[in-house]
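Take a walk through this two-chain model with the coordinates open beside you.

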Amino acid sequence: MFPNTTKFLVVDDFATMRKIIKKVLTELGYTNVEEADDGKTALPMIQAAHDAGKPYEFIISDWNMPGMQGIDLLKACKADPRFKNTPFMLVTAESEQKHILEAAKAGVSDYVVKPFNSQTLKGKMERVYAKHYPNAQPKAS
Amino acid sequence: MSAAPKVEALNPLFDKRLINAFVDGVLKTLKTIANTEATPGKPFIEPQFVLKGEIAGMVGMVAPPLKGTLLISYGKDSIFHILENMLGEKHTEINGEVSDAVGEMTNMIYGSAKTTLNQLGYNFEMAIPTVISGKFNITHADKGATLVIPFNLANNSTFYVEITVQ
């Protein structure tokens, strides 16, 4: 699983959802969490963090946002060789097949459907970790 | 897989599946993000808008050829109770943070109901909610009635889900 020092970027236009995700991450032991309120704000932050040598190691983004949607932020990250391997999870109120397929096609690491609790997010993060680090030894429980 | 069921031609407000989709969306959202149990009361039809509470989340629902509105109205007692359970925050006045939370909950409840309804053959599209507070009135452009579903909370407060479909 991702170490507790993992640097997260949470992108959502609703402060409440950012608070909920931050609360859930804290419950899971992650405290290095920064926030952006839409894709347009997030992209320069992702670039600046990388240039400063402290890149985000996990991006969690809402899908449905004004300005720049989560799916477009995902596509922008995947198109940039600097961020294309950064784990990227989409949070969405959509659980419909066409959206899931679009996200998968764009290269999303995983997606979580709102509303969700800490156990659901933890399970998704474990899947993302296994996908991005297939050779990592599973931690004995 | 069989073809999607045909949406009944009668007014969707009489489609029990539509009511159940919204009831389930509310219960699931509150339980999951706020660990809050709500008890749905008896739905009723309201011919004209009546103000209920101090703040509401509203979303325009589009499912061609249907158009409608989802309004979720809270009094201070109900929204402050939900927020305390959801974020551990005690609020005593309606402010930007409360509005933000109402907007996000509207988003989740509509998203949840919409997924269920679209699986039943409706074709609702996603939309960004609006939050209104204070003393407001809503005049629907059509002559349609509004279905109101009350939800009761453990602190004896009530909030209301109002669905208008043209």
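The model is predicted, so local features need pLDDT of at least 70 and side-chain atom pairs count only at pLDDT 80 or more, while totals for chains, interfaces and linings use all residues. Residues are numbered from 1 along each chain as its sequence is written, chains are lettered from A and ligands numbered from 1 in the order written, and side-chain values use heavy atoms, without hydrogens or water.

Start where the chains meet. Here 23 residues of chain B are in contact with 20 residues of chain A; contact means heavy atoms within 4.5 Å. About 1,900 Å² is buried between them, and carbon and sulfur atoms give 57% of that area. Buried area is the accessible area (1.4 Å probe) that two parts lose on being put together, summed over both. On the chain B side, B:Leu87, B:Asp100 and B:Glu104 lose the most area, together 27% of what that side buries.

The polar part can be counted too. Chain B and chain A share 7 residue pairs in polar contact, both residues at pLDDT 80 or more. A polar contact is a pair of N or O atoms within 3.5 Å; within protein, one must be able to donate a hydrogen and the other to accept it, and residues adjacent in sequence count only if both atoms are side-chain atoms. Which elements of chain B give two or more residues to this side? They are helix 1, helix 2 (76-87) and helix 3. Helices (H or I, at least four residues) and strands (E, at least two) are DSSP runs, numbered from the N terminus. Helix 3 of chain B gives the most, with 12 residues.

Now follow that helix. Helix 3 of chain B (residues 96-119) has 24 residues and reaches 35 Å from its first C-alpha to its last, close to the 34 Å expected at 1.5 Å a residue. The expected span is 1.5 Å times one less than the number of residues. Of its 24 residues, 20 are buried. Buried means under 20% relative accessible area, exposed over 50%, partly exposed in between (1.4 Å probe, protein chains only). At the start of the helix, a side-chain oxygen of B:Asn95 comes within 3.2 Å of the backbone nitrogen of B:Glu97.

B:Glu97 also forms a salt bridge with A:Lys19, with the closest N and O atoms 3.0 Å apart. B:Glu97 lies in helix 3 of chain B and A:Lys19 in helix 1 (residues 15-27) of chain A, so the pair joins two chains. A salt bridge is a side-chain nitrogen of Lys or Arg within 4 Å of a carboxyl oxygen of Asp or Glu. A:Lys19 meets B:Glu89 in a salt bridge as well (3.1 Å, N to O). The interface holds 3 salt bridges; the whole structure has 15.

Within chain A, A:Asp110 and A:Arg127 pair at 3.2 Å, N to O. A:Asp110 is buried at 4%, whereas A:Arg127 is exposed at 52%.

Finish with the backbone. Most residues other than glycine have a negative phi, and most peptide bonds are trans. A cis bond joins A:Lys114 and A:Pro115, with omega about -5 degrees. Another cis bond runs from B:Pro64 to B:Pro65, with omega near 5 degrees. B:Asn35 has a positive phi of about 50 degrees, and B:Asn156 has one near 65 degrees.
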